[in-house]
Amino acid sequence: MKNIIKKIFGIHPEQLKITGLTTVGNGDEFNTIQEIRKHNLGLIVLKRYNGYVEPLSKAINKHPTYVSAMLKGLDNNNPRIITSKMARLIENTLQLKSGS
């Protein structure tokens, strides 16, 4: 899998990094729970892990590309939705209060 990622993106999975958040919703309000979850997950990656996806992926025992796909906007190709089960896993693993 690492070789496929390197071939497609030119980087190793551990180098996946976000540099900012995309705008979600219609400007001031969020439209869906998915947009809220994706925004919050992006904040976690930026604030706790300096934008690097790999430390979060290791903490929740998921592949870095899976976590990156959860961060993709709903209008991008192949975004992963963040289920309630996944949201609770992230909250519990990182010892966040529910809905963080």
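**Figure 1. The largest nonpolar core of the predicted model contains 15 residues.** Leu41, Leu56, Ile60, Met70 and Ile90 are the members with the most contacts inside this core. Helices α2, α4 and α5 each contribute at least two residues to the core. Helix α2 provides the largest share, namely four residues. Leucine 56 is shown with the residues it touches beyond four places in sequence: Leu41, Val45, Tyr49, Val67 and Leu94.

**Figure 2. The overall fold consists of five helices and zero strands.** Along the sequence, the elements follow the pattern α-α-α-α-α. The protein has 100 residues, of which 32% count as buried. Among contacts with a separation of 6 or more, 55% are made by residues 24 or more positions apart. The accessible surface amounts to about 6,600 Å², and carbon and sulfur atoms account for 50% of that area.

**Figure 3. Helix α4, spanning residues 64–71, is mostly covered.** Six of the eight residues in this helix are buried. The buried positions of α4 are Pro64, Val67, Ser68, Ala69, Met70 and Leu71. These buried residues pack against three helices: α2 (33–49), α3 (54–59) and α5 (84–93). One of them, Met70, is also among the residues with the most contacts inside the largest nonpolar core.

**Figure 4. The charged end of lysine 62 sits over the ring of tyrosine 66.** The distance from the charged end of lysine 62 to the centre of the tyrosine 66 ring is 5.8 Å. As for pairs between aromatic rings, the structure holds zero.

**Figure 5. Glutamate 54 and lysine 58 form a salt bridge through their side chains.** The N to O distance in this pair is 3.6 Å. Both residues belong to helix α3, and because they are four residues apart, about one helical turn separates glutamate 54 from lysine 58. Lysine 58 has a relative accessible area of 60% and is therefore exposed.

**Figure 6. A salt bridge joins arginine 88 to glutamate 91.** The closest N and O atoms of arginine 88 and glutamate 91 are 2.8 Å apart. Both residues lie in helix α5, with a spacing of three residues, or about one turn of the helix. Arginine 88 has a relative accessibility of 33% and so counts as partly exposed. Glutamate 91, in contrast, counts as buried because its relative accessibility is 6%. In general, side chains of opposite charge can pair when their charged atoms come close.

**Figure 7. Isoleucine 81 occupies the loop between α4 and α5.** Its relative accessibility is 51%, so isoleucine 81 counts as exposed; the cut-off for this class is over 50%. With neighbours within four places in sequence left aside, isoleucine 81 is in contact with Gln34 and Met70. The C-alpha atom of isoleucine 81 is separated by 8.7 Å from that of leucine 71, a residue ten positions away along the chain. Leucine 71 itself is one of the buried residues of α4.

Technical notes
Residues numbered from 1 in each chain as written. Predicted model: local features only at pLDDT ≥ 70, side-chain atom pairs only at ≥ 80, totals over all residues. Heavy atoms only, no water. Phe/Tyr/Trp six-rings, centres within 6.5 Å; stacked < 30°, edge-to-face > 60°. Lys NZ or Arg CZ within 6 Å of the ring centre and 35° of its normal. Buried < 20%, exposed > 50% of the residue type's maximum accessible area, 1.4 Å probe, protein only. Contact = heavy atoms within 4.5 Å. Salt bridge = Lys/Arg side-chain N within 4 Å of Asp/Glu carboxyl O. Areas by Shrake-Rupley, 256 points an atom, 1.4 Å probe, with all protein chains shown as cover. Core = buried A, V, L, I, M, F, W, Y, C linked by side-chain atoms within 4.5 Å.
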